[in-house]
Amino acid sequence: MKNYFNLLKKSVWVVSALCLFSSCNDVWNEHYSTDSSIVPDKNLVERIEGIEGSENFIQALKTTKMFNGNKIIDLTYYDFLSSDQFLTVWMPSLGSISEDEWAKYTKEGKTYQEHKDVGQQFIKNHIARYSYPVGAQKENHPENVRMLSKKRYPSTAVEIAGVEYKQANLACTNGILHLLDGKMPYRPTIYEYITETEGYKDNLGAFLEKYTIDEVDDNRSVISGVDENGEPIYIDSVTYKYSIIMNQFGRISEEDSNYVVVLPTPEAWLEMYDSVKPQFDYTTMERADSLQEYYTHTALFMDMFFNMNIQRHPDDSVTSTLYYEGLERDEDALQHKYYNPYSAEGLFRKYVVDSVICSNGKIYLTSQWAFDKAELIDRPIKIEAENSYLIKQKNHVSYRTQIKRDVAGYPKVSGEYVMQIGGEQAAPQYDMTYNVSGNMKGKYKVGIVTVRDAEFPNPENKPVQFLPTVSYGFTKILEPVNQRGRPEYQKTNIDNPIDTLWVPGVAEVPQANYGQEKAKLEIKLSVKSTSSFNNTMFLDCIIFKPVPDDYVDPVEE
């Protein structure tokens, strides 16, 4: 049996070898041919220099220097195409580029930014690493080519990115040369558009750049040596932009992504930024200006970005990058969801005045900030009373009680829990102090949401009296007082199962604490027990609702 299988294996090998020899027979002679299109004797730049009309392209290669990260190095793209790298080059036609463009590309003594722009947007956009021969691709199944500019373009047997091949597969000692009947289009990423376009780059763009670093991918970059400090010199560096900020909202610098951004025009952006900025005033804090700049921007960013790769039914609704499934279960949470975005009144249409196609998505330019300020920035601060981490101090026994019922007369409470304050008959007064985080500078109305449930003992059916006091730091900013200027206790409503009691007056918060870990704003509730009032308060939540600067509290009767 063993001999049988050995004979069988040998027979299969012989047949396979014969088939292989037969298939290679047509090209065997070509392998030893002296035809330079098959056995090259020139490198890429030598081959390009021999083509009529290539003078401008060669001049652009010779006058444009390469970069090691953000550091310019003493190597040109002419040197690069003369090296031992194996590359594929798509040479643009002379007439597809205007005289003004050629003047910019071939300029002697380019500035730092000109070297960077010409290299990224023109030269690297026509070069790819490795071999990309033309002919094997099918028209309906194009090959995805990644250029050194990081842009990806579909290539078929007749064209790439919609530009037809004039001549293809010119073999060189260090790569392949294709001649185009046009030039490769260059589309910026969304990040590049914002940081490089006039109107944005000096304000919004500068802000993004401030929190962005370039990281070199050592595994994909080519080192040609080291400098005098022992740092590697890259003849071809592959870098990625790492943004501390944009990782929260959307990786708009990455080519392999597909985002939609709803961005106001430069004028509309500055108008909205200037109107919101005073609310993010951190006057007494260290680096107050930086905090103000950072949080004003990120507040406006909140729902600008949409990852279109994960939208399930975009014609029906889209969710911003801050959305997550758990939000659907909280009726009070911000949903970050927008319905019918492509309708006339939808987010992607209503205020849109123009659009920009980018290499990793699309920007809708709007005549104004397209979102509801009351929903994103001026949202009420809600404190769930049962959350123990918000309790600063207490001088009583308190209980966290769950209430899930949602029946007539007893609506469902926020968060399904309430906090019981008090409950010991002997104690005359109970205090509970809560930290309030996330506030901005401005005026707030304060609401106390109380619960009255049949399961809680209150045989005498008495209301509860309590005194709310709001402080910022060591300064008292709200406490209701009577006509004599003495603290005036409020009382709960015994007729409603759940009731919101709005504290008379407004709390005027002197500065923002938005985004900070340590809260400075706090509210103290003092529950006072007498013969006329019950001594147990069931607290659902506390609400700090922003009101306009010109808001005047109505006179309480």
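This note goes through the predicted model point by point.

1. Basis. Residue numbers start from 1 along each chain as its sequence is written, and side-chain values rest on heavy atoms, with hydrogens and water left out. In this predicted model, local features need pLDDT of at least 70 and side-chain atom pairs count only at pLDDT 80 or more, while totals for chains, interfaces and linings use all residues.

2. Confidence. The average pLDDT (the predictor's confidence in each residue, from 0 to 100) of the chain is 84, and 81% of the residues score at least 70. Residues 1-36 have pLDDT below 50, and this stretch has seven contacts (heavy atoms within 4.5 Å) in the model beyond near neighbours in sequence.

3. Helix α11. Helices (H or I, at least four residues) and strands (E, at least two) are DSSP runs, numbered from the N terminus.

4. Twelve of its 14 residues are buried (under 20% relative accessible area; exposed is over 50%, partly exposed in between; 1.4 Å probe, protein chains only), so α11 is largely enclosed by the rest of the structure. Among the buried residues are Tyr294, Tyr295, His297 and Phe301. The buried residues of α11 pack against α8 (204-210), α9 (246-249), α10 (266-276) and β15 (305-307).

5. Six bridges join β18 to β19 (residues 361-366) in the antiparallel sense. Lys362 in β19 is the bridge partner of Ile357.

6. Cysteines. The structure holds zero disulfides (pairs of cysteine sulfur atoms within 2.5 Å). Cys172 is buried, with a relative accessible area of 4%, and Cys541 is buried at 3%.

7. Positive phi. Tyr130, although not a glycine, has a positive phi of about 80 degrees. Tyr130 sits in the loop between β4 (127-129) and β5 (143-146) and is exposed, with a relative accessible area of 57%. Lys150, also not a glycine, has a positive phi of about 80 degrees and lies in the loop between β5 and β6 (152-155).

Notes. Pairing = 2+ DSSP bridges.
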